[in-house]
Amino acid sequence: MQKIYCHSDMRALKFLERFTSTQVHALNPIETSSGKTHGGVSRAKLNSQLLKSFKSNSKLKSFNSSVSVTEALLLPYGLPSTDLIEPTIESHLKPIDFVEILADLYRRLEGCESQSDRSLLFVEQYSLLRSLGDPKLLRRCLRAARQNAVDVNSKVVLSAWLRFERREDELSGMSAMDCGGQVLECPKIALEYGYDPNLISTHCQCDQDQIEASNVPSWNENECVNLEQKESDVTFCIGNEEISCVRCKIAMLSSPLKTMLYGSFKESRKGRIDFSENGISVKGMRAVEVYSRTRRLDLFSPGVVGELLCFANRFCCEEMKSACDAYLASMVDNIDDALVLIEYGLEEMAFLLVAACLQVLLREFPNSLYDPKVMKFLCSSKTRERLAMAGHGSFLLYYFLSHVAMEESMVSTTTVMLLERLEECATQRWQKTLALHLLGCVLLERREFKDAQYRFLAAVEAGHVYSVAGVARTKYKQGQQYSAYTLMSSIISEYKPAGWMYQERSLYNIGKEKISDLSTATELDPTLSFPYKYRAIAKVEEKQISGAITEIDKTIRFKLSPDCIELRAWFFLALADYESALRDIRVLLTLEPNYMMFHGKTKGDYLVELLNHRVKQMTEADCWMHLYDQWSSVDDIGSLAIIHQMLRNDPGKSLLLFRQSLLLLRLNCQKAAMRSLRLARNNASSDHERLVYEGWILYDTGNREQALSKAEKSIHTNRSFEAFFLKAYVLADASLDPESSSHVIQLLEEALKCPSDGLRKGQALNNLGSINIDCGKLEEAANSYLSALDIKHTRAHQGLARVYHLKNQRKAAYEEMTMLIEKAQNNASAYEKRSEYCDPEMAKKDLDMATELDPLRTYPYRYRAAVLMDEQRESKAVEELTKAIAFKPDLQMLHLRAAFHESSGDLSSALQDCQAALCMDPNHTDTLDLYNRARD
């Protein structure tokens, strides 16, 4: 690999001259740090003056004229420039041959007998699958890691990690130490050593334990002391105080004490023993005496139990030490106590106490990140060494800490320090690679280019080829553009080309070669957003703003990302299309409420306020009508914008927040969807409504049974549409037998009897039609779909088309899907579905259109590959799937390619694809069958 760092020879000198121009820097007419313009006028005053002029100005100057008042206000930083954008270096592992790495991981999981090793393998799996961006898949990895964890350290970290992924900290009324019945996240179970194969099927007993604890009778300390007073036969003296004890009871605490009291030492012959120099107080020694007879600790304050722990360490009282360790661990429930007691635990090597304290700190994340005392403790290299001695300074711990820190801020000093600790903990190759690459990404964001380059280089040498992109970027940032170019060119020639390679090289290329690299990047990986952004901005620079919008729409229609939505809003502002700009900014703020536009210089909320003066304001009734129209036209982005506007007028309306979460889930924005759902739960106006939202949160995080329980409790409290719909939806998510299907139908019919709006009833009718089809009730299904269409639930066209198809009315099915295509703004799935109802030639055209609209949809690739296989063009069929797997390693595509390999006799490739697929879903029945056949 070292050859990639060398400069090319003199033959490239002519090419080198093309890279000698100076870099263009961003114009910054307003100094955001001081809030003043260059003329010294405050920004607020300037905005006020501009706003007055803006309101009175009815006519706008043309885009090509000198800057108008409107442009000065809405485009204070001009238009975006191609010189000022670049793709981020992705902060996760990105193997060259992803399928091979997944297959290897699956083989290691198959052959691993140690539960603790399996747990760590699932953490490695999590680090690999992060590149796919599937929250459910990642959560499954963490759950598997927690289920297989044996040691307390791993359990504590993984249970806190699972809790963080659900962002329980955002749920009002929830304590950090509450587990909500989640057995894998239970803080008490996490402190128990050992592996429980039945853990996943058990239920948390925290609530029952609290009831039992409250029923335990309290003891009187004096009564305990006096209980055996007359039987004492030895006295321990501390200063002027005497503590009467039972010799045999004290001796039973440890072998050293037994030897002292019954061996050849002089203390064995004394009735009074001086203990003044043994570091224990009178109160502490009295506690030792009571414990020696009762084996109870709940009579004493934490300070006294701490003395007992110290005494136990001094005299090797293992049973007493374990009891004190466990008792103090059970009492830690807040950060302040945890910070004090963890020091005590480390000093006394009380490992369970350390774990309990650490658990409190971790379960408070991300809030703990902003506590300077917590960060001072966790970020210290010395602390890591001390934790390691206690069995807690693990890679897993600092992986979690740095993961949370990076989500909160990529450029904070805290993030850097935690990643440095992660690097120190790394022992395995993948761990070192990950730590080095993450640290390189953070240092790059902090513009510490030399240090970033050093980490990226180390990651490359450890085998992570993608880190070469980081090396090239740091070279470029240090003025070595040609060196960066040659570096990426060598990677392209040495390895199988990937989209990211050409994307990265395009940064260092110029002219037609740059555009060619971007085109190749899109061809190899159409999910990369940077090439679309660059081409769109290039059109803006050529004054082709409408063309720029068309270009950026190509990526927005299948991947809703804040940066692309911001660009489109920017373009609409330049066109003075304020309604469209306002729509996009509202969507942007739905995705990221605190988003800063124009290279992080202007708050999105500020622009919304300004644009509200340029568009017609709608009443609440207008908004609802408009929402129905947008919903009917399957315009999810438009619907999001309207809901955002309605929430500005009524920010605590849980109904709207819930609708918002549904739309975000449909757009595959799960993080934002879960935030909206948590807000809906926090703002619920009744218990039955809150239970429904809690049920959806549980369902969306993989807790199906508990979601069902919440739905049933809500129905018991109040028979509402949403409660019945939730229960029906959760039950339908399983393989349904006729009896279960009948029950789901009854639940949906009950839901439809309850009050709700047309948007939700349309969804219920659509689901009802789907279940009726599965039960063979085609007429009932058709009636459900027609009823849904009557209330403008446009998606019901697809279900009705299915009914026609099952009735052998293919023409009617085709026409039904055509109506959906004509009505729907987002219609990639409609083209895909219509392909099932037409001749092969038309089907190919529809599927090609579906791929063009949404390259992430996998069915078109599988269909085309199957057609090629039927035509006995095996290599072309495999190539069609390989092209898609390169940027979307999908379970179904891997399974199909494995089947193709098996059919052509390439069993080793079939096995590898099966193993990679099973790494993503070990219970996929069809792949398991194929895997077993290929092995035999």
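The model is a predicted one, in which local features need pLDDT of at least 70 and side-chain atom pairs count only at pLDDT 80 or more, while totals for chains, interfaces and linings use all residues. Residues are numbered from 1 along each chain as its sequence is written, and side-chain values use heavy atoms, with hydrogens and water left out.

Of the 14 residues of α38, 12 are buried, among them H688, E689, W696 and D700.

## Length and end of α38

Helix α38 covers residues 687–700, and its end C-alpha atoms lie 20 Å apart, which agrees with the 20 Å that its 14 residues should span at 1.5 Å a residue. Just after α38, G702 adopts a positive phi of about 85°.

## Packing of α34 and α35

Helix α34 (residues 620–632) packs with helix α35 (residues 636–649) at an angle of about 160°, their axes being 9 Å apart. The two are therefore roughly antiparallel, a term used for angles over 145 degrees.

On the α34 side the contact is made by C623, W624, H626, L627, Q630 and W631, and on the α35 side by G638, S639, I642, I643, Q645 and M646. Sorted by class, this contact has 7 nonpolar, 5 polar and no charged residues, with Gly counted as polar and Trp and Cys among those counted as nonpolar.

Key. Helix = DSSP H or I, 4+ residues; strand = E, 2+ residues; numbered from the N terminus. Expected span 1.5 Å × (residues − 1). Buried < 20%, exposed > 50% of the residue type's maximum accessible area, 1.4 Å probe, protein only. Axes fitted to C-alpha atoms, helices over the stretch in contact; angles between N-to-C directions. Parallel < 35°, antiparallel > 145°, perpendicular 65-115°, else oblique. Contact = heavy atoms within 4.5 Å.
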